[in-house]
Amino acid sequence: MQALYRRTPLLAARNVKQKFLATVLAQGGKSNKAFLQTLSSTNAHIVTKDEELCLRDVFDLPTQTTVGSKWYHGGKPTGLLMESRFLSPKSFRVAGKEAVAEAQELVQKVVGATTTAEKRQVIKCLDQLSDALCRVMDVAELVRQVHPDSNWQAAADQVYSAMLDYMNGLNTHVGLYRKLVEVMDDPAIKSTFSTVELAVAESFRRDFERSGIHLAKSAHEKFVKLSSSIHDLSRDFIRFQAQPPEETRTVDVPLDALRALPSPVMVHIMQTSRTRKRSDGTSVATIVPDGYSVHYILRDCEDSGTREAVYRMWQRGTSGAVNALEQLLEDRLALSHTVGFDSFAHMSLDDKMAKSPAHVDEFLRGLAAQAKPQWKSIIDSLMRTQAQSGQRSAAGINPWDRDYWVSRQQMDSGALPSLSPYFSLGRVVLGLSRVFKSLYGLEFRATTPQPGEIWHPDVRKLEVVDEKGMLQGIIYCDVFTRSSKAHVGAAHFTARCARRVDDDVAVSGTRQSHSSQTVVEQDGKRFQLPVVVLICDFPLPAEGSPPLLSWSNVETIFHEMGHAMHSMLGQNGFHNVAGTRCPVDFVELPSILMEHFARSPQVLSTFASNHVTGAPLPLELIAKHAERRRKYAALDLHTQLFMSALDQRYHSAVLDPSAVDGKSSSTGWSTRSLASVHEDPMFTSGIGGSRIFSYVQGTRWQSRFTHLIGYGASYYAYLFDRVLAGQVWDRVFQGDKPFVQGASSEAHGGPLNREAGERFKTHVLRWGGGRDPWQCVAAVLDNGMTPKDEVDAVAQGSKSAMRIVGSWRLPDL
């Protein structure tokens, strides 16, 4: 295992480096040559402790004065993300056309393959074709979300739209599909495929068939029509979320009832509502509920009647959203029938780890059974607090009461000191680098972007290097909020996937050669390195202070770096199954696992220190914060389970529980389904069968369930991967082992363990999507800590495997 750096000499070195950086900034960056030379070195070498300080300070320096602005402006541009084709909006449009031309030539090579040698290249051609298109389309999507220049955004919109149309045409290209089937049905050719190559072939075939390409003409026309309708209805549903509510969706709230709200919330309410006096002299605000104000009213407003009125109005939703959603779900069901599935859930889950709706149900009910005692304990506790306050309700804890009484209990426990002073952004990134070095032998090296390479001066560039100093990939970090940035929250964008390129099929035209910074040679083969972009929405730092993160923000960046490391290490030779290109109920495993590292006292002790004094983060303070968060974790699980179950119900074979012969007699069936899920025994507290939160008449919460668009029938996936990550954390990384502050890592063992890291890398990360995920999970857990019969059952991925996973402990409970 790699020895951890000790804090004392690091702090001593920090003072020297800070003096140098202070000099640099005082001179406006004119004397930063040595610093930039350190950052911009591209020769293979080991990252030194001095470079660790550069890594930290590149993120911790105030953004207003950082040398990042020097990287963004001036000099001859080298192209966005080091891609010489992306010099300007005009050249970006040209790049899109060139990518389509390259793809078209590869299409001709596939459909024209006649000899065994040519057919043997079909999978490679399809993968190369996909890479050619995605290297432009994926960057176009990134530009649309984060680039501050409207000209770039307009070009990206145009390129993305044109290339999407072309790609949709390829998905229904009969010649490509028939040639792929011909190759896969040839035993002599198929027998030569590696495990990964076979996974690539199967993924292409699935995608073709999900586009209805194998259907008869009339069925295919119906499929195309339904697909178009689903696309339009999805946009309508999202559009209704942004539309201002009708005038009738206002509620009168006494101003006195809002006095406990934070000042910024009160200002927002006063600016967006009308105030008047009633005949009794009471001042009221006629508010239009929005997510921001509703959150604080339900949490802080002392008057239960006000909370109820606001809750009911907010949860009423809009008829337009409900109608669009119901038509969307009906069309999805019809689409699944067109391609031979019983329901949209059956169709969606066919290539996931879950495989079927019955398996998902088995998993969800297993988790609910674990949580019932905690649910009862929390509700009983909240009711005691309610009674002690003289506000006991015969109905118990209503949905509009939950957040208020939880907040009251937390206030009664007293405020805890903030952890943010110990979590400067630079320290957190440095901590991540140390974690990855301990686990995988990889670490970060801050490097200087070239002019035109980044889209905003706040963006930071990291090279990921191995223990020999060899480049393994590149990560761009765009982590601060700004007005020109779409509100995507935290996200991981793959700008370029890893794949082997020395065996590419030759094509003519103007295809650009690979940059020396994005291709490396290993064992006589050449590989395209991964390039990813991490997006966060952290607040800008106060003047004179480094960016300070909340513990939740630390978990967020650890989570997204988990995705990034999957991209770095998931280099299996093929674009289509590289890194995070794997099933949706598997892709979150590496990222959620990293959240456990962000909560580990041993891990935090390697980097978390006060940004002013250098004092280490006290273990007892971590423990107190962790205990407070864990106390109500079961309520969050209840919400996630409910949303997962509702998602499954909405995509089942029977949409309306009151329908006759499977056909709904009227609109509004989605509300009846919502109410029926509330009544499911899964959501009782166990003892006495009482429900945690019953359905509230007149509400239509489903009108705000926007995850139904992108995660149709797959919302369970996050919970599923939380359980898997918890088991890997406990059984592989020994993450639940107690840690004593000051103890050496070697004596402790625990999570910062190279053997465990190599195990996870070998059996999970390096495969990307090129292996059955169940086999990956079984292999990583087969270390003597998991019963052999469980390992064997998990490897099969059957209903029993889902039952086993559902019985595994969630770390939060």
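These questions and answers walk through a predicted model.

Visitor: What kind of model is this, and what pLDDT do local features need?
Guide: Residues are numbered from 1 along each chain as its sequence is written, and side-chain values use heavy atoms, with hydrogens and water left out. The model is predicted; side-chain atom pairs count only at pLDDT 80 or more, totals for chains, interfaces and linings use all residues, and local features need pLDDT of at least 70.

Visitor: How many aromatic pairs does a search of the whole structure find?
Guide: Rings of Phe, Tyr and Trp (its six-membered ring) pair if their centres lie within 6.5 Å. Planes under 30 degrees apart count as stacked, over 60 as edge-to-face, and the rest as tilted. The number of such pairs found is 21.

Visitor: How many residues apart are Phe 423 and Phe 607, which form a pair that links distant parts of the chain?
Guide: The two rings form a tilted pair, 6.4 Å centre to centre with 35 degrees between the planes. Phe 423 is in the loop between α19 and α20, and Phe 607 is in the loop between α23 and α24. Helices (H or I, at least four residues) and strands (E, at least two) are DSSP runs, numbered from the N terminus. The separation of Phe 423 and Phe 607 is 184 residues.

Visitor: Is Thr 385 buried or exposed?
Guide: Thr 385 is in helix α18, residues 357-388. Buried means under 20% relative accessible area, exposed over 50%, partly exposed in between (1.4 Å probe, protein chains only). Thr 385 has a relative accessible area of 11%, so the word for Thr 385 is buried.

Visitor: Which residues is Thr 385 in contact with, leaving aside its neighbours within four places in sequence?
Guide: Contact means heavy atoms within 4.5 Å. With those neighbours set aside, the contacts of Thr 385 are Trp 405 and Gln 409.

Visitor: Which residue does Arg 307 lie over?
Guide: A charge sits over a ring if NZ of Lys or CZ of Arg is within 6 Å of the ring centre and within 35 degrees of the ring normal. Arg 307 lies 4.2 Å from the ring centre, over the face of Tyr 404.

Visitor: In which sense do β6 and strand β11 pair?
Guide: Two strands pair if DSSP finds at least two bridges between them. Strand β5 pairs with β6 in the antiparallel sense over six bridges. Cys 477 has Leu 534 in β11 as its bridge partner. Over six bridges, the sense of the β6 and β11 pairing is parallel.
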